[in-house]
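Please examine the structure shown below before turning to the questions.

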Amino acid sequence: MVNIEHQHENQRTIHNVPCLALSPAGEPIGQVVLVHGWGSSSDSYRFFASLIAGWGYRVIVPELPLHGERGTLDYWNPSVLQENFWNVVVQGVREAGGIAAELTRESVLPVTIVGHSAGGFISAGAYADQDDIRSAIVINGSCSWVRFEELYREKSGLPAITPDEHAALAAHDPRERILALSKPLLLLHCADDAIVPVGSQHDFVEEAAKRRTSGDAVQFHAFERVNHVITLGMLQHIHAFLTGNC
């Protein structure tokens, strides 16, 4: 059960980022940085955060750049999306890493990062870059940014990525760094996702199976006949993963 009325909730600034912070009714058993998606806000993730806090975790939901109280965009305008998406993701990775580091200074409890959609990209990047993040859950995101961009442009009928664009994005792509890690990683994706095609995650998982040992295996689950949502089945996997890795 989720004892929402007994949870402690407040707004605070961590690493210069406005965040929604929730604590369980009792002593927390771990810490979760929960990163919201493109066009969403920390406030709209309050229920998701309350659910995780109800499982016993301290939950921090940072506000992404140009979202919520930090500004707004015409999020689903294709040109606005193309111009701003990667800038928000890259800045979000830096900020999430800084938040995780600050949480680690405040508490000995381990930190897991969880993100959906754009937040999933950010979770992958922060997991790759920040030693203070013990594990990660990427929901409808990607660990292979260049491959995602290639597939997205092909699907959307956009011009192919140029060599300069490829080099700029590859400089931030966490794929190779993640493949060299042994920290726990859970990937959840809607098989019929029309916004973030599952193909780049399939490619990543195939490579991870070759390069990460069985004990360091990436957990991957695809959910049929659903499109870019968080399902009950995903929540069950998230709870089980946090229980074993946070």
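The questions and answers that follow concern a predicted model.

Q: Which residue in β4 stands opposite L20?
A: Strand β2 comprises residues 17-23 and strand β4 residues 57-62. The two pair in the antiparallel sense over four bridges. Opposite L20 stands V61.

Q: Is α4 parallel or oblique to α5?
A: Helix α4 (residues 145-156) and helix α5 (residues 163-170) pack with their axes 9 Å apart. The angle between them is about 140°. Angles over 145 degrees would count as roughly antiparallel. The angle of about 140° therefore makes the arrangement of α4 to α5 oblique.

Q: How many charged residues does the contact of α4 with α5 contain?
A: From α4, the contact involves W145, V146, E149, E150 and R153. These meet E165, H166, L169 and A170 in α5. The contact residues divide into four nonpolar and one polar, while the number charged is four.

Q: How is the pair of rings of F85 and F121 classed?
A: The aromatic pairs number ten. In the pair of F85 and F121, the ring centres are 5.3 Å apart and the planes stand at 85°. Planes over 60 degrees apart meet the criterion, so the pair is edge-to-face.

Q: How many residues apart in sequence are the parts that F85 and F121 tie together?
A: F85 belongs to helix α2 (residues 78-106). F121 belongs to helix α3 (residues 118-129), so the pair ties together parts whose separation in sequence is 36 residues.

Q: How far apart are the end C-alpha atoms of residues 32-156?
A: UniProt, in an unreviewed entry, places the feature "domain: AB hydrolase-1" at residues 32-156. This span is 50% helix and 18% strand. The distance between its end C-alpha atoms is 34 Å.

Technical notes: Residues are numbered from 1 along each chain as its sequence is written. This is a predicted model: local features need pLDDT of at least 70, side-chain atom pairs count only at pLDDT 80 or more; totals for chains, interfaces and linings use all residues. Side-chain values use heavy atoms; hydrogens and water are left out. Axes are lines fitted to C-alpha atoms, for helices over the stretch in contact, and angles run from 0 to 180 degrees between N-to-C directions. Angles under 35 degrees count as roughly parallel, over 145 as roughly antiparallel, 65 to 115 as roughly perpendicular and the rest as oblique. Contact means heavy atoms within 4.5 Å. Ala, Val, Leu, Ile, Met, Phe, Trp, Tyr, Cys and Pro count as nonpolar, Asp, Glu, Lys and Arg as charged, and the others, Gly among them, as polar. Two strands pair if DSSP finds at least two bridges between them. UniProt positions are given in the numbering used here, feature names are shortened, and annotations may be inferred rather than shown by experiment. Rings of Phe, Tyr and Trp (its six-membered ring) pair if their centres lie within 6.5 Å; planes under 30 degrees apart count as stacked, over 60 as edge-to-face and the rest as tilted.
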